[in-house]
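Take a walk through this model, from overall make-up to single residues. The text starts with charge, then turns to fold, core and loops.

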Amino acid sequence: MATATETPAEVGAIQEFTVTVIIRRFDPEKDAEPYWQDFDVQMYSTDRVLDALHKVKWDQDGTLSFRRSCAHGICGSDAMRINGRNRLACKTLIKDLDITKPIYIEAIKGLPLEKDLIVDMEPFFASYRQVQPFLQSSSKPEKERIQSIEERARFDDTTKCILCAACTSSCPVFWTDGQYFGPAAIVNAHRFIFDSRDDQAQVRLDILNDKEGVWRCRTTFNCSEACPRGIEVTKAIAEVKQAILRGKP
Amino acid sequence: MTSNIALDAPRSPSARTKRGVNWEKWGWIYMRVSGVALVALIFGHLFVNLFLGDGVSQIDFAFVAGKLSDPFWQWYDFFLLWLALIHGTNGMRTIINDYVATASVRRILQGALLSSTVVLLVLGTLVIFTFDPCPAGADPELVASFCADIL
């Protein structure tokens, strides 16, 4: 087939290109301030931002630090700020970004920076723990706690949370006030507040009816846009507000 | 930070202090309720002042004096003043809370905000209910020309 070699790249073929990634680096033992460092990497159109980070770390600079575990959008380890938006590095395809320009990668904001793309997640998990994100039921059924399809659908959206902190670290209120519970904690409270099997909704509503609770939300929708799982975070927060006003879920 | 990583943390009660009435909730409700009321009040205000009669050219001292002598417009302006000013003050308060991290600066700004609001509310209410375009015994040179017809 002589003609086959002359045809341009067929539709859907894997393309190769050079991408510049500019990463915000910080080593607390050496640097007083974070700084931007750029790397050129050969990428394929099937690659993700996480693959670019791997190429940098494995082939160019082994000191680059970032978190990733499953690398398939489930564990929530690699939330980072890519071109100014919070995303999961493992779910962001390079070809979906504008590769004529450099790709800027930095750690998520609002949490203490530890090294390169790694932040201290403890304040995030501290507020997550405060909303009691576990089933509390006094009933002791013989077999199982029955729940209808409708009752399950009520909180289906908020069960999808993977605790990546993309929402909380995109929230401008959280950036300036670390005391705010943050969207992720409210989402996970919502998951149990509206669960028909749970008995302690009132306790969680009381916890979130706080100076630093749901009333701090300014409905800027940053969290809904940031969520890699597509959870309607702002809507969930609004539903918790309504539940507090009603006094029951 | 390190002490509360242990497993018992989820079961411990909220560490956040709870004192008295939760004003944040009422502040949130106030913003919504006053917001809805203000839409009606402000558009009514604009309609009467700028559209009815001669429109914007009718607004002068006599027009305002006439409105402020009518108890309906007195109370209308009273609600407009209080709802709008407190609505704005609460908005400013939340902005200060959002952007000012230093506790002392925050207290100073909120104190200034509160005192200016109180002054404006008192002054505004006083003007609405005690405004007299033609005070008795005033020098005719200094008051509006139409006062000659009344006095």
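For the charge count, Lys and Arg are positive and Asp and Glu negative, while His and the chain ends are left out. Each charge is placed at NZ of Lys, CZ of Arg, CG of Asp or CD of Glu. On that basis chain A carries 34 positive and 37 negative side chains. The centres of the two sets lie 5 Å apart.

The model is predicted: local features need pLDDT of at least 70 and side-chain atom pairs pLDDT 80 or more, while totals for chains, interfaces and linings use all residues. Residues are numbered from 1 along each chain as its sequence is written, chains are lettered from A and ligands numbered from 1 in the order written, and side-chain values use heavy atoms, without hydrogens or water.

Now the fold. Chain A has nine helices and seven strands. These are DSSP runs, numbered from the N terminus: helices are H or I of at least four residues, strands E of at least two. The C-alpha atoms of chain A fill a box of roughly 70 × 55 × 35 Å along the principal axes. A contact means heavy atoms within 4.5 Å. Among contacts in chain A between residues at least 6 apart in sequence, 63% join residues at least 24 apart.

Next, the surface and the interior. Chain A exposes about 12,400 Å², and carbon and sulfur atoms supply 50% of that area. Areas follow the Shrake-Rupley method with a 1.4 Å probe; for residues, only the protein chains shown count as cover. Of the 249 residues of chain A, 49% are buried (under 20% relative accessible area; exposed is over 50%, partly exposed in between).

Which residues touch the most other members of the largest nonpolar core? They are Val21(A), Leu53(A), Ile105(A), Leu208(A) and Val240(A), in a core of 71 residues. Such a core is a set of buried Ala, Val, Leu, Ile, Met, Phe, Trp, Tyr and Cys residues joined through side-chain atoms within 4.5 Å. Beyond four places in sequence, Val21(A) touches residues including Phe39(A), Val41(A), Val56(A) and Ile105(A). A second, separate core of seven residues includes Leu41(B) and Tyr76(B).

Finally, two loops. Ala71(A) sits between helix 2 (49-60) and strand 3 (79-82) of chain A. Its phi is near 65 degrees, a positive value in a residue other than glycine. Ala71(A) is buried, at 11% relative accessibility. Leu163(A) lies in the loop between helix 4 (149-153) and helix 5 (172-176) of chain A. Phi of Leu163(A) is near 55 degrees, again positive. Leu163(A) is buried at 18% relative accessible area.

Definitions and conventions:
Buried means under 20% relative accessible area, exposed over 50%, partly exposed in between (1.4 Å probe, protein chains only).
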